[in-house]
Amino acid sequence: MTALLLLAGLLYSPRLVRGTVRLSADQPRLFPRRRGRGALELCLHSPLPVYVRLEREGQSSLSLLPGGLRGLAWGEFRFSEPLEYSPRYRGEHRLPRVRVFVKDLLGLLEHELSLPQERSSVLAYPEAFPLDSPAFRLTLLADGPEAAGGLEDPSRFAGVREYAPGDPLHRLHWKATARQGRPMVREYARVKSSGVWLHLDLQGQGKPGEVYAEHAASLATSLLLAAERDGLAFGLSVGGLEVGLGRGTDHLARMLQALALADPEAEPHAVPVPPPGVNLILVTQEASSEVIEGALRARARASRVHLIALPEGFYLRPGEGGRPVFGKTDGMLRLLKKKSLLEAEGVRVHILRGNQNIATLSKPT
């Protein structure tokens, strides 16, 4: 009788196991291809000895390979495994599920545990590119009045002064240096920084719309990082979501989160009218009549309006090449017809086709 009870206890022992699973991310927000660390923590309580088999699923979007464990558990059993992930593309990615199986010591019956699982998510921001584009950003500063302690405006030559340690060599004024007999450098006027408002038009459908959303989000991220680096106040509207003007890393993080989760939409949203004096940048693929009218309406209050059109929905990233582009899209033809009108009203139009590198934004237009 005792033997039968012992056998029954061994066979039933897997169903007596209780526990929890926790997968955490130490870096829940980061850019694609950056490495983050996390941990898998398993805690089991088993009144009788059992065999444990753990299967952790892989996660291709986080570059996580599958993992596993086999062992003997009795009493309190704890297992911890470090996780190293690297997002491949933007968006919200949840850490993978874990399956836990237990088997009696005789190896006759295996039971999968239904354990509560706490799984963190990793938010991957859009990929960003360095946009060292003084010719493009200059118009964001040139409308501001001169101000001590402001940002330098390379278009406003203020004179020369004696060289000071730390001055870049390209600022040397050779004629003044020869005349004075000591190193002299150019000095530029400083202007009061103005704000930047970025509107991302998400109108697009199907695969082309998805491609556009990826490239537009990356471009918007790069422009916001450039504005933040220059000390400008910046705001963002993505579809129907708006984040007002502000500064700082927390403010930037809210905008990057909105861009990370942006998806194509069937219809365009109205272009917001920015605060007075703010420079507005519109990014669009379709260049619909709503977007064009919004640009003209915003020009009444904005210091400057830039309209960046991506007719094919993509552009050449740094290092890319060889993408042929044929013909003109309907949106591009519509924009070309209205370009002269837009330029006359103070809306600068930048058309970036699929066979053009993103670096063309830095060239004078």
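This is a predicted model: local features need pLDDT of at least 70, side-chain atom pairs count only at pLDDT 80 or more; totals for chains, interfaces and linings use all residues.

Mentor: Phe31 and Tyr125 are both buried, where buried means under 20% relative accessible area, exposed over 50% and partly exposed in between, with a 1.4 Å probe and protein chains only. One aromatic pair turns up in a search of the whole structure, and Phe31 and Tyr125 form it, edge-to-face, at 5.2 Å centre to centre with 65° between the planes. For the cut-offs: rings of Phe, Tyr and Trp (its six-membered ring) pair if their centres lie within 6.5 Å, and planes under 30 degrees apart count as stacked, over 60 as edge-to-face, the rest as tilted. The pair ties distant parts of the chain together, 94 residues apart: Phe31 is in the loop between E2 and strand E3 (36-56), Tyr125 in the loop between E9 and helix H2 (134-137).

Residues are numbered from 1 along each chain as its sequence is written, and side-chain values use heavy atoms, with hydrogens and water left out.

Now the sheet. Helices (H or I, at least four residues) and strands (E, at least two) are DSSP runs numbered from the N terminus, and two strands pair if DSSP finds at least two bridges between them. The open sheet here has three strands in the order E2-E9-E5, with mixed pairing. E2 and E5 are its edge strands, each pairing on one side only. On one side, E2 (residues 29-30) runs parallel to E9 (residues 121-124), joined by two bridges: Arg29 has Leu123 as its bridge partner, and Leu30 has Ala124. On the other, E5 (residues 91-94) meets E9 in the antiparallel sense over four bridges, with Glu92 standing opposite Leu123.

Helix H5 (residues 249-260) lies across E2, E5 and E9, at about 95° to E9. Axes are lines fitted to C-alpha atoms, for helices over the stretch in contact, and angles run from 0 to 180 degrees between N-to-C directions; contact means heavy atoms within 4.5 Å.

To put that in context, the chain holds seven helices and 17 strands. Buried residues make up 47% of its 365 residues, and residues 24 or more positions apart account for 74% of the contacts with a separation of 6 or more.
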